[in-house]
Amino acid sequence: MSFCCGASMIGTNGTLKHFRTHIHNVPILFCPVCHRVEIHYLIENEYEILAEYAHGDGASEVDFIEYVEQEDNVLFENCVNNENEDPMDVVSSQIDMALDLLCFAKQISDESWQGELKKRLGVLNQRRNKLRQRKTSEGYC
């Protein structure tokens, strides 16, 4: 499980740019708070090799899946959330974890961590409100 700014990162596949080459379906970890992206640590070496070869060949686009065998269920089994989940469920679980951490930060009297967690909770709350608005405007309740 990877964490960023204290939030657990979401496992997904994405497109990354290496110089002029776009590499699709790369297993990545995505932070729902600050939007930082990391290449999944289990495939970093394979990604680097493929990216260098693709760039050296002058390829504009490459599909990671075509060149590297992987099992998504193994790569993302330790992620708290993944992209296939309902966005409201993802935000709710992130809020729950942040609240748990905030309780712990209060217990150990770590005021700077409490401040960071409160900022994260503010961002997550805004995202949850936008998702609620979207559901309401689409006619779902």
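This report describes the fold, the helices, the nonpolar cores and some single residues of one predicted protein model.

The model is predicted, so local features are given only where pLDDT is at least 70, and side-chain atom pairs count only at pLDDT 80 or more, while totals for chains, interfaces and linings use all residues. Residues are numbered from 1 along each chain as its sequence is written, and side-chain values use heavy atoms, with hydrogens and water left out.

## Overall fold

The protein chain has five helices and seven strands. Here helices (H or I, at least four residues) and strands (E, at least two) are DSSP runs, numbered from the N terminus. In sequence order the pattern is β-β-β-β-β-α-β-α-α-β-α-α.

Of the 141 residues in the protein chain, 34% are buried. A residue is called buried under 20% relative accessible area, exposed over 50%, and partly exposed in between (1.4 Å probe, protein chains only). Contact means heavy atoms within 4.5 Å. Among the contacts in the protein chain with a separation of 6 or more, 56% are between residues 24 or more positions apart.

## Helix α4

Helix α4 covers residues 87–107, which is 21 residues. The expected span of a helix is 1.5 Å times one less than its number of residues. For α4 this gives 30 Å, and the end C-alpha atoms are 30 Å apart, which agrees.

The buried residues in α4 are M88, V90, V91, Q94, I95, A98, L102 and A105. Seen down the axis of α4, these buried residues fall within an arc of 150 degrees, so they line one face of the helix. The arc is that of the directions from the helix axis to the C-beta atoms. On the other side of α4, D100 and Q107 are exposed. Just after α4 comes S109, with a positive phi of about 60 degrees.

Q114 is in helix α5, which runs over residues 111–137. With 13% relative accessibility, Q114 counts as buried. Apart from neighbours within four places in sequence, Q114 is in contact with L102, A105, K106 and S109. Of these, L102 and A105 are among the buried residues of α4.

K135 also lies in helix α5. The C-alpha atoms of K135 and M88 are separated by 9.9 Å, although these residues are 47 residues apart along the chain.

## Nonpolar cores

A nonpolar core is a set of buried Ala, Val, Leu, Ile, Met, Phe, Trp, Tyr and Cys residues joined through side-chain atoms within 4.5 Å. In soluble globular proteins, nonpolar side chains tend to be buried together.

The largest nonpolar core has 14 residues, and within it I95 and L121 touch the most other members. Helices α4 and α5 each supply at least two residues of this core. The most comes from α4, with six residues. This core also draws at least three residues from each of domain 1 (3–80) and domain 2 (87–139); the domain bounds come from an automatic or database domain assignment. Not counting residues up to four places away in sequence, I95 touches L121, L124, N125 and R128. A second, separate core of 13 residues includes I23, V26, A54 and F64.

## A salt bridge

A salt bridge is a side-chain nitrogen of Lys or Arg within 4 Å of a carboxyl oxygen of Asp or Glu. By this rule there is one salt bridge. It joins the side chains of E38 and R36, at 1.8 Å from N to O.

## Single residues

F19 is found in the loop between β3 (10–18) and β4 (21–30). Its phi is near 55 degrees, a positive value in a residue other than glycine. N25, in strand β4, has a positive phi of about 60 degrees although it is not a glycine.

Y67 lies in helix α2 (residues 64–67). Leaving out residues up to four places away in sequence, Y67 touches L50 and V62. Y67 and Y47 are 20 residues apart in sequence, and their C-alpha atoms are 9.7 Å apart.

The table lists the relative accessible area of several residues.

| Residue | Relative accessible area | Class |
|---|---|---|
| F19 | 56% | exposed |
| N25 | 27% | partly exposed |
| R36 | 36% | partly exposed |
| E38 | 24% | partly exposed |
| Y67 | 57% | exposed |
| K135 | 32% | partly exposed |
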